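Subject: Structure handover

Dear colleague,

Here is the structure I said I would pass on. My notes on what was found in it follow below.

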Amino acid sequence: MSTATNLDTKAVRIIRTEDDHLAHNYHPLPVVVATGEGSWVTDVEGKRYLDLLSAYSALNFGHRHPALVAAATEQLGRLTLTSRAFHNDRLGAFATALAELCGKDLVLPMNTGAEAVETGIKTARAWAYRVKGVPTDAATIIVADGNFHGRTTTIVGFSDDESARDGFGPFTPGFVRVPYGDADAIAAAIDENTAAVLVEPIQGEAGVIIPPEGYLARVRELCTENNVLFIADEIQSGLGRVGTTFACDREGVVPDVYLLGKALGGGILPVSAVVADRDVLGVIHPGEHGSTFGGNPLAAAVGLRVVEMLSSGEFQQRAAALGEHLKTKLDAFLGHGVTEVRVAGLWAGVDIDPAIGTGREIAERLLARGVLVKDTHGQTIRIAPPLVVRATELDWALDQLRVVLEG
Ligand SMILES: Cc1ncc(COP(=O)(O)O)c(C=O)c1O
């Protein structure tokens, strides 16, 4: 099934090649990107687009940020991979800086977000058996309806999205799902075998769903009271996106475990991590967990630069200020083709009135006007520009949205 038209352009030829030889696990918009810089990408025909997706927040610093490219280039000229069979001279500095950013003791580096989530699950289970004293194989983890934590079989097993699960069972037991944003439901679900509560502080894939104020603080209290780990999946919400370093910071909440990914790799390579104190992450012993590429020197060099960039607070401030601007502008669309808007920092879920079109149709119309967004769950489009975007660029993109909504 091709997304291409009958025109025999370079883009169409490339898309046809993909259709012939790529597994169809995605349904991309029909644009073939060739280069990127800052908030902009250029396709193979030379047309420019403002990137309002940022690779699902992996490009928080924009395309090819000079400081990140410099860190990667310098490291490419020295050493790229050792495996963890040996030490490398970059990993310690990265772990130290990341632990400090998180206010925690230890870092366990992996690559993709899903691997960080899997690592968090293994850590919570090992902690439950070895520290809390839960009987063997009885540990449970409480998760939320509408969650998205990645695509491995264990993770999709506790999703409630049928398209993520259907055809992929049997699934890993040990998960209890409760409504998102409902702390009382978590309180009711906790028992003596509960190892952890695993939630996204803001649900990204679900459409930028922001829980009611006080929810995260209450989850924190419940976890403390019941000797349960609070695991915050900040893979999409963290590292500056919402105007603070972590989305948990919005409620002044510190989870026991941070799961990080996406922007940690600076938009250059996959870098993820589990970050926690020694009494939690210290339960993992040599030989119990790892990854050939996790903690490689190239990843560590880029990750260290990412942490250094976040340490100044500049990107968080930009996201907060531009986010206010974005919210004001998007709120003005309510009742004009938009039924609901949810904004946290420079991150928005915009629900499109079905009378105007689906989220996908709006994304296609925006594409034609030089703006890249991604639809989710039918009627929603997600807006997540690089944090380096300028207010004028954002305004221009929202002008395009206005035109599209006006039909
Ligand atoms: C909150 C969250 N967790 C985990 C993941 C999985 O990350 P990855 O695609 O790098 O495996 C994602 C990806 O969108 C995510 O949004």
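This is a predicted model: local features need pLDDT of at least 70, side-chain atom pairs count only at pLDDT 80 or more; totals for chains, interfaces and linings use all residues.

**Helix H5**

The end C-alpha atoms of H5 are 26 Å apart, which agrees with the 28 Å that its 20 residues should span at 1.5 Å a residue. H5 is largely enclosed by the rest of the structure, because 15 of its 20 residues are buried. After H5 comes Gly 133, with a positive phi near 90°.

**Domains and their contact**

The protein is divided into two parts: domain 1 (34–64 + 313–373 + 394–398) and domain 2 (66–311). Their C-alpha centres lie 26 Å apart. On the side of domain 1 the contact takes 21 residues, and on the side of domain 2 it takes 23 residues. Helix H2 (54–57), H12 and E12 are the elements that give two or more residues to the side of domain 1 that touches domain 2. H12 has the largest share of that side, five residues. By type, the residues of that side of domain 1 are twelve nonpolar, seven polar and two charged.

**Helix H12**

H12 (residues 314–331) has 18 residues, and the distance from its first C-alpha to its last is 26 Å, close to the 26 Å expected at 1.5 Å a residue. Its buried residues are Phe 315, Gln 316, Arg 318, Ala 319, Leu 322, Gly 323, Leu 326 and Lys 329. An α-helix has 3.6 residues a turn, so residues three or four places apart point the same way.

**Nonpolar core**

The largest nonpolar core has 113 residues. Those with the most contacts inside this core are Leu 98, Val 197, Leu 229, Ile 231, Leu 259, Ala 273 and Val 302. H11 supplies the largest share of the core, ten residues. Domain 1 and domain 2 each contribute at least three residues to this core. In soluble globular proteins, nonpolar side chains tend to be buried together.

Leaving aside neighbours within four places in sequence, Ala 273 is in contact with Leu 98, Val 107, Leu 108, Pro 109, Met 110, Ala 116, Leu 260 and Leu 264.

**Backbone points to check**

Most residues other than glycine have a negative phi, and most peptide bonds are trans.

- The peptide bond from Gly 169 to Pro 170 is cis, with omega near 0°. Pro 170 is in the loop between helix H7 (162–165) and strand E6 (175–178).
- Val 208 has a positive phi, near 55°, although this residue is not glycine. Its place is in the loop between strand E7 (194–199) and helix H9 (215–225). Val 208 counts as buried because it has 25 C-beta neighbours inside 10 Å, the cut-off being 20 or more.
- Leu 239 also has a positive phi, near 60°. The loop that holds Leu 239 runs between strand E8 (229–233) and strand E9 (257–260). With 31 C-beta neighbours inside 10 Å, Leu 239 is likewise buried.

Not counting residues up to four places away in sequence, Phe 171 touches Thr 153 and Gly 157. From Phe 171 to Phe 246 there are 75 residues in sequence and 31 Å in space, C-alpha to C-alpha.

Asp 161 is in the loop between helix H6 (153–157) and H7. Asp 161 is partly exposed too, with 15 other C-beta atoms within 10 Å. Along the chain Asp 161 and His 377 are 216 residues apart, yet 9.9 Å separates their C-alpha atoms.

Regards

Notes:
Residues are numbered from 1 along each chain as its sequence is written. Helices (H or I, at least four residues) and strands (E, at least two) are DSSP runs, numbered from the N terminus. The expected span of a helix is 1.5 Å times one less than its number of residues. A residue is buried if 20 or more other C-beta atoms lie within 10 Å of its own, exposed if 12 or fewer, and partly exposed in between; C-beta atoms are placed from the backbone. A nonpolar core is a set of buried Ala, Val, Leu, Ile, Met, Phe, Trp, Tyr and Cys residues joined through C-beta atoms within 7 Å. Domain bounds come from an automatic or database domain assignment. Two residues are in contact if their C-beta atoms, placed from the backbone, lie within 7 Å. Ala, Val, Leu, Ile, Met, Phe, Trp, Tyr, Cys and Pro count as nonpolar, Asp, Glu, Lys and Arg as charged, and the others, Gly among them, as polar.
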